[in-house]
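I opened a notebook page for a structure I had not looked at before. These are my entries, in the order I made them.

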Amino acid sequence: MKSTDNFPKYANEKRLLHGGDYNPDQWLKYPNILEDDIRFMKQVNANTFSVGIFAWAALEPREGEFTFGWLDKIMDSIASIGGNAILATPSAARPAWLSQKYPEVTRTSHRREKMMHGGRHNHCFSSPVYREKVGIINHKLAERYKDHPALFMWHISNEYSGECHCALCQANFRAWLEGKYGTIDALNDAYWAAFWAHLYNDFGQVESPSDIGEGWIHGLNLDWKRFTTYMTIDFYKHEIAPIREITPDVAITNNFMGDFNAPSVFTGLDYAPFAKEIDVISWDAYPPWHNDYEPTAHTASKLAFMNDYFRTLKDAPFLILESTPSQVNWQPVNRAKRPGMHALSTVASLAHGADVIMYFQWRKSRGSTEKLHGAVVDHDNSPENRVFKDVEDVGQLLVNVSEIRHSRTISQVAVMFDTENLWAFDNAEGFSRNSKKYQQTVHAHYKAFWDANISVDVITPDKCADLSRYKIVVIPMQYMMTEKMMGELQAYVKNGGTLVATYITGLVNESDLMYLGGFPQKLQELFGIAVTETDTLYPSQRNGILYEGKQYEAFDYCAVLDLCGAEVLGTYTSDFYANGAAITKHTYGKGTAYFIGARTGADFLAKIYRDYLVESLNITQPPIQAPPGVSVQARIKEGKTYYFIINYTEEKQTLTLPYDMRDLITGKIIGAGRHPLPEYGVLILTE
């Protein structure tokens, strides 16, 4: 992986990129349609297209028979309008001839059932045959288009996901385990395998987890998920080998995924190690706007959280490689975007680091599972419908604000999201089955800052080696914590940082084994407390926390704390630990460590973060005054600050500017003072 500066086409592109997944292989029998596409692309200022994602059957209809002519024409057409092609490798959906001739390429389920041909991502990452065939098609694509003027970036496969439990994968898993542990005794110790007499005599006895076999060894379950990430990355490295060799100066991406229900990123893989192998981060963003279960601003905060996670992975702008200009087809209810929402959704991602806005899909499929999924061009093939006009407006907006490209976000606050911690905690049998809510808790702490228009980096554990840029680091519910992380957090606070941790922190090590002696000594030294118990409450039960003369609600989890030098900031109001410490503060070296012992509502998090920590640490906030529901975020480039102002409410709001500013969208100067912002209104201002 190289810096984006090493990829000239990407680094030198001045435009904000706009376009979508383009699937001309579905329309080869309709030449008039393909001609219309080029005309429509120019009309909406679309300049970048993902091409060939699911085109293997069109590129190699029979084994060894390659038909690139149609793709040549598409690449030439894109080049003719000054466009960029993000050329995809087609491994996500293989042709039927490959499955028929080489059945080993299909996956095996955890119940050891061999899958049939169909769907997508139904392939074994271990299969030598599949790797060979992928290598051939990728090599031919790279060799053919290496000098094509439209080639801008490589899109490797599509939304990597899933796992295979075949004999090939079992052998690779055992080899991975042997490489990690060295001896079977070391593996047994890490798994605490003596429990229920589950000791292994050799690595050949180890099988991947299954509900018809071994599923109770938590260390095994955790290692299988780690191995799945490892094997996916290994397959990805195999995919890119010919591309790196033939086109070393062309950047590589792969579209990661998010989950708005959690909210979190896709957790079938750990994206933190994967990101190290990617040149430019991309992800697929589908916020469920206009739902009936949360305010628009709450949906927006989930989108912001995931944008900030993907931005922080490489501390750089990223691509929204998929979104929808209208509606999707896979939600329980698929609502259309209201007028103004498409522009709002676009600016919401620009505000948190996106430099590219693309859609799935450019043109609606005529048949099959995604024929009703939103697209720029609908079945009416008309540039006059509302959705097309919305995309046209956004295309012009992106042209108008293109100077923000390559601007960066500078954050003084970081919140930890750890996929491995989620895996371990979800597997833990204890606490409550329905109220663990790790993702929701991380988001709640994030949202307390987002509501105050404070930029946040969503960090992963590999960032702990150097946290010095942050004034505040928050690690909610870090159930699994290594000794190494503890030492890194100690160093951060000792050197002047402010750390906030919560209940259910530091219980197990990287093998999901409980720490002997209770709350780890390093954490006792850091926080000045020892956690002696964690009380789990039923959904209807409540406790209270008395903090600065006001009582706040505590629910789900209440940690019972013994003091080891910490100062008490808040106390419980009831139960056997009434009057005991609930919120603590401890000076450690030059810094301070806070511990929040109970799950609380947003009101308490707002109080302790915004009214206490943000103020006392002089955390920078935008100079623009905005009411609740109006977000103000900033990006910086060459000393110039750009402010993204978004009204997430369904009514007109008023904001106050401290001095005259220029609106990049309209080019107009907006004077100091109070100004109305309409429903779903957006501004991008600079000084």
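The entries below cover cavities, aromatic rings, charges over rings and a group of strands.

**Entry 1: the model.** I noted at the start that this is a predicted model.

**Entry 2: cavities.** For the largest cavity I wrote down a volume of about 70 Å³. I then asked which residues line the largest cavity. The lining consists of Arg 107, His 123, Phe 125, Gly 162, Glu 163, Cys 164, Cys 169, Trp 224, Phe 227, Thr 228 and Met 231. I sorted this lining into six nonpolar, three polar and two charged residues. Helix H9 (residues 218-246) contributes the most to it, with four residues.

**Entry 3: charges over rings.** Two of the lining residues, Arg 107 and Phe 125, came up again here. I found the charged end of Arg 107 over the ring of Phe 125, at 5.2 Å from the ring's centre. I also recorded Lys 140 over the face of Phe 66, 4.8 Å from the ring centre.

**Entry 4: aromatic pairs.** My search of the whole structure gave 51 aromatic pairs. I picked out Phe 305 and Tyr 446, an edge-to-face pair with 5.3 Å from centre to centre and 80° between the planes. This pair links distant parts of the chain, since Phe 305 is in helix H11 (residues 296-314) and Tyr 446 is in helix H15 (residues 438-450), 141 residues apart. I checked burial and found both Phe 305 and Tyr 446 buried.

Tyr 503 is in the loop between strand S14 (498-502) and helix H17 (521-527), while Tyr 557 is in strand S17 (residues 550-563), so the pair ties together parts 54 residues apart in sequence. The cut-off for buried is under 20% relative accessible area. Tyr 503, at 2% relative accessibility, therefore counts as buried. Tyr 557 is buried too, with a relative accessible area of 0%.

**Entry 5: strand S19 and its partners.** Why is strand S19 (residues 581-588) largely enclosed by the rest of the structure? I counted six of its eight residues as buried, and that is the reason. Strand S18 (residues 567-572) pairs with S19 in the antiparallel sense over four bridges. Within that pairing I noted Val 568 with its bridge partner Thr 584 in S19. S19 also pairs with strand S20 (residues 591-596), antiparallel over six bridges. There, Lys 585 has Tyr 594 in S20 as its bridge partner. S19 and S20 form a hairpin with two residues between them, and Gly 589 in the turn has a positive phi of about 60°.

Key
Residues are numbered from 1 along each chain as its sequence is written. This is a predicted model: local features need pLDDT of at least 70, side-chain atom pairs count only at pLDDT 80 or more; totals for chains, interfaces and linings use all residues. Side-chain values use heavy atoms; hydrogens and water are left out. On a 1 Å grid over the protein atoms alone, a cavity is a set of points where a 1.4 Å probe fits but cannot get out, and a pocket is an open set with protein on both sides within 12 Å along at least five of seven lines; lining residues have an atom within 4 Å of a point. Grid points are joined across faces, edges and corners, and a volume is the space filled by probe spheres set on the points. Ala, Val, Leu, Ile, Met, Phe, Trp, Tyr, Cys and Pro count as nonpolar, Asp, Glu, Lys and Arg as charged, and the others, Gly among them, as polar. Rings of Phe, Tyr and Trp (its six-membered ring) pair if their centres lie within 6.5 Å; planes under 30 degrees apart count as stacked, over 60 as edge-to-face and the rest as tilted. Buried means under 20% relative accessible area, exposed over 50%, partly exposed in between (1.4 Å probe, protein chains only). A charge sits over a ring if NZ of Lys or CZ of Arg is within 6 Å of the ring centre and within 35 degrees of the ring normal. Two strands pair if DSSP finds at least two bridges between them.
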